[in-house]
Amino acid sequence: MRKFYYLFFLAGLTLLLGVGCNNLDEVNEKLQDHENRLAKLEKAVSDLNSQVGVIQTLLSGKYFVQGVATLEDGSGYRLTLLDDKGNVVERTVLNGKDGKDGTDGKDGHTPQIGVKLFSDGNYYWTVDGEWLLVNGEKVRANGIDGQDGPSPQFKIEDGNWFVKVGDGEWTLVGAATPEYEPIDPVITDVDTQSSEDSVIFTLADGTTISVPKASSMIKLHIVVDETALETATPGSSVSAPYEVFAPNGVTFTIDTYEPQGWEVSVIPTGATKGNIKITIPADATSSKILVVLEGSDGSNYTKVLRLGLDYASQTIIDAAGGSFSLGSVTNVKVEDGASWITVSGNMVTVSQNDTYDSRTAIITYEDADGNVHTMTVIQAQKDAIILSANSIEADPEGEETTFVLSANVDVQAKASVSWIQIAPVTKGLENKYFNLTVEENGTGADRSGTILFSCGDLSQTVTVTQAKKGSSTTTNTGFELVTDTSDLEDGDRIILVSLTDDYAMGTASSNGTYRYAITVSSAEGFPEEIPQNVIPVTIGITGDKWTMEDGTGYLASQSNSANQLVTVKEVTDYAKWSIAVAADGTATIKASAGARSLLGFNTSSAAHRFNCYEKTSSSVSLVKIYKEKSAPINIEEDPIREKTEYGCYLGGAERIYMKGFDQYLRDYSDSQVTFVILQKTDDEQLEVSGYDTNLSPGDKVKLSINWRKGLSTILDKSATMYVVKEEGSKVWLGNGKGEGFIIRK
């Protein structure tokens with residue numbers, strides 16, 4: 001790169017020779033000064049290209065932040081990044097605090113590189129605050145489908161800054177500063193505290209980049225190289241390398257469960273790696289070994305190692321279940337509580353494990369001589385990926401949304417088409433969030449694509465459909481003012497509006513601490529096309545409180561010392577709200593935690609916004625709630641009609657009445673019916689109430705659903721549905737989307 005600086009050097013040398021050749025010390029001093037300037041200019045180029053590379057790494061979607069350390073001289077941060085395979089990379093972020101930011105005011109400057117979020121959901125490169133254009137097109141900065149975006153490269157030549165993208169041509173940016181000063185910081189702040197799940201990087205122009213923390217994305221699991229186990233033979237020893245992946249800060253223990261007479265040792269070779277050594281007895285025939293991880297955060301993970309060998313004192317069964325014979329034995333008994341194991345003679349049958357944790361039980365039996373033996377039956381957990389929906393209908397104009405699924409495994413997501421982009425935002429099931437960006441459909445035709453969510457042999461597919469631009473996919477029929485809290489139901493979509501009806505709650509501010517106020521002409525009866533940047537939220541019920549979810553997370557108060565309305569991924573007391581509505585529509589919405597927990601509207605003309613406050617004042621008012629009007633359904637086309645058995649049909653939460661296994665009960669209060677499915681062995685009860693025998697097909701009904709298993713609540717919510725069909729003693733209740741119930745009236 002130094003060849004680009006020769007012009008500076010030659011010009012300086014000419015000046016030196018003209019001043020006086022007899023003063024060699026002065027000549028050498030000035031030559032050295034020019035060399036120093038050349039070295040500093042090289043550093044300017046190196047620093048700028050290095051920081052461009054850092055931004056591209058953060059936007060690639062491939063890495064999570066494991067650690068952030070401040071450099072000793074205060075000039076920036078050292079980032080430790082982790083990919084989903086546990087590979088570590090390190091990057092240095094300069095913040096300009098080791099010297100002056102920018103130049104000393106002389107002619108020329110160092111380009112200010114940055115990125116900005118465009119309306120299509122992608123980040124694009126900027127130079128000095130303006131879009132970086134190549135052939136008139138913006139240059140994308142973030143990665144898509146595992147492929148990095150093109151990266152700008154800078155150089156100084158002939159006293160000027162030039163930039164090129166990929167294999168493109170060099171483009172003039174502007175004059176370079178002759179006297180180098182530290183470059184303007186590309187990233188000015190790294191915030192590791194505001195979010196439990198992400199690290200927030202703030203660029204010089206205020207743009208923020210959110211990168212998931214490794215602790216929120218990586219779940220406890222172990223990977224074992226089982227190649228050596230495939231050729232294991234009785235009387236030999238084999239060793240299988242392992243590696244454990246755990247969330248940041250989580251320690252773990254490894255236990256093994258093996259048949260009697262076997263020897264299994266876990267031999268660490270590092271903090272997360274090692275070998276599992278297995279010594280097989282000479283009389284072994286076939287067996288499996290269970291490896292169990294327990295994390296310091298309470299998580300656990302179970303893995304079965306299969307050697308194709310079995311041994312009578314212990315057996316390990318897959319989640320699918322199965323049967324096996326104990327041979328010539330008698331008086332076989334299963335320990336109390338293990339209802340998932342049944343015995344007929346000397347045949348043992350293990351039912352399918354539909355739970356998301358492994359389970360163990362003891363069987364006792366007698367041999368021909370009357371000796372009592374025990375066998376441990378260990379069944380692996382059911383690995384599952386459960387979708388919240390099988391299809392997504394995207395806006396023709398394009399949109400960003402969050403798709404939530406439940407899984408107890410690490411999930412990878414891959415779109416079948418380029419106009420859908422996906423980025424992850426991560427013992428029993430837990431919710432996993434994926435940010436989906438669907439591009440505008442300007443093809444002139446409707447289109448569809450799929451998203452494959454997978455982990456090993458597990459997979460689920462979601463279909464994304466999008467009408468051509470100009471088509472309307474909005475199904476709302478307008479919004480109406482809520483004048484009583486009883487008008488609100490779980491699942492309602494609402495818009496928060498100022499008392500004067502001229503501002504509606506919009507998108508989050510750039511720093512995420514409040515919501516913008518969007519000017520609207522009239523909130524009453526919003527048309528089907530909701531005003532741009534107005535953000536509806538979906539309310540839900542948790543206990544006796546409400547939640548408000550906007551597609552990316554839950555609205556929450558945040559601080560005891562500052563007015564903040566933020567979005568969080570998990571529901572805490574800060575995200576649980578009490579709602580009281582007066583007859584004139586004035587709504588008091590207050591979070592369960594935080595001194596500044598009253599959701600209000602700032603009436604000051606200089607700071608219109610929706611935020612959380614300690615109380616109302618001359619500049620803070622309460623709000624109104626507008627609820628989306630429900631559209632009647634076509635009961636003749638409701639997919640719930642295709643179901644035939646009594647039960648609950650709510651997407652991933654289903655319970656079908658199983659004859660001989662369950663009971664169902666009905667309870668009348670006048671014409672009101674409560675329908676209950678009972679499964680006594682597991683102390684499970686599903687209760688649906690609210691149906692009235694005076695209702696007819698097409699009538700609307702508000703149902704209460706309470707589903708419990710032991711002391712745990714699976715569902716406790718209300719839902720508005722329609723009477724879809726009646727046939728004999730059966731009643732079909734649905735919402736037009738194939739969700740609902742079949743009860744006995």
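This briefing describes cores, strands, a surface patch and charged pairs in one protein structure.

The structure is a predicted model, in which local features need pLDDT of at least 70 and side-chain atom pairs count only at pLDDT 80 or more, while totals for chains, interfaces and linings use all residues. Residues are numbered from 1 along each chain as its sequence is written, and side-chain values use heavy atoms, with hydrogens and water left out. Helices (H or I, at least four residues) and strands (E, at least two) are DSSP runs, numbered from the N terminus.

**Nonpolar cores**

- In soluble globular proteins, nonpolar side chains tend to be buried together.
- A nonpolar core is a set of buried Ala, Val, Leu, Ile, Met, Phe, Trp, Tyr and Cys residues joined through side-chain atoms within 4.5 Å, where buried means under 20% relative accessible area, exposed means over 50%, and partly exposed lies in between (1.4 Å probe, protein chains only).
- The largest nonpolar core has 37 residues, and the members that touch the most others are I55, V115, W125, I187, F201 and I209.
- Helix α2 (residues 24–59) supplies the largest share of this core, with 9 residues.
- Another core, of 30 residues, lies apart from it and includes F675, L686, I705 and V724.

**Strands and their partners**

- Strands β4, β5 and β6 form, in that order, an open sheet of 3 strands with antiparallel pairing, and two strands are said to pair if DSSP finds at least two bridges between them.
- The edges of this sheet are β4 (113–117) and β6 (130–131), each of which pairs on one side only.
- Strand β5 (residues 123–127) is joined to β4 over 5 bridges in the antiparallel sense, and Y123 in β5 stands opposite L117.
- L650 stands opposite A653 in β52, whereas the bridge partner of Y649 is G740 in β59.

**A nonpolar surface patch**

- F118, W131 and L133 form a nonpolar patch on the surface, with about 260 Å² of accessible area together; such a patch joins nonpolar side chains (Val, Leu, Ile, Met, Phe, Trp, Tyr) within 5 Å, from residues with over 30% relative accessible area and no salt bridge, and like charges are joined within 9 Å.
- Accessible areas come from the Shrake-Rupley method with a 1.4 Å probe.
- F118 is found in the loop between β4 and β5 and is partly exposed, with a relative accessible area of 32%.

**Charged pairs**

- The structure holds 13 salt bridges, a salt bridge being a side-chain nitrogen of Lys or Arg within 4 Å of a carboxyl oxygen of Asp or Glu.
- K624 and D501 meet in a salt bridge (3.4 Å, N to O); K624 lies in strand β50 (residues 623–628) and D501 in the loop between β38 (493–498) and β39 (503–508), so this pair ties together parts that are 123 residues apart in sequence.
- R515 forms a salt bridge with D550, the closest N and O atoms being 2.6 Å apart, and R515 counts as buried at 2% relative accessibility, as does D550 at 18%.
- Salt bridges that share partners join R655, D662 and E684 into one network.
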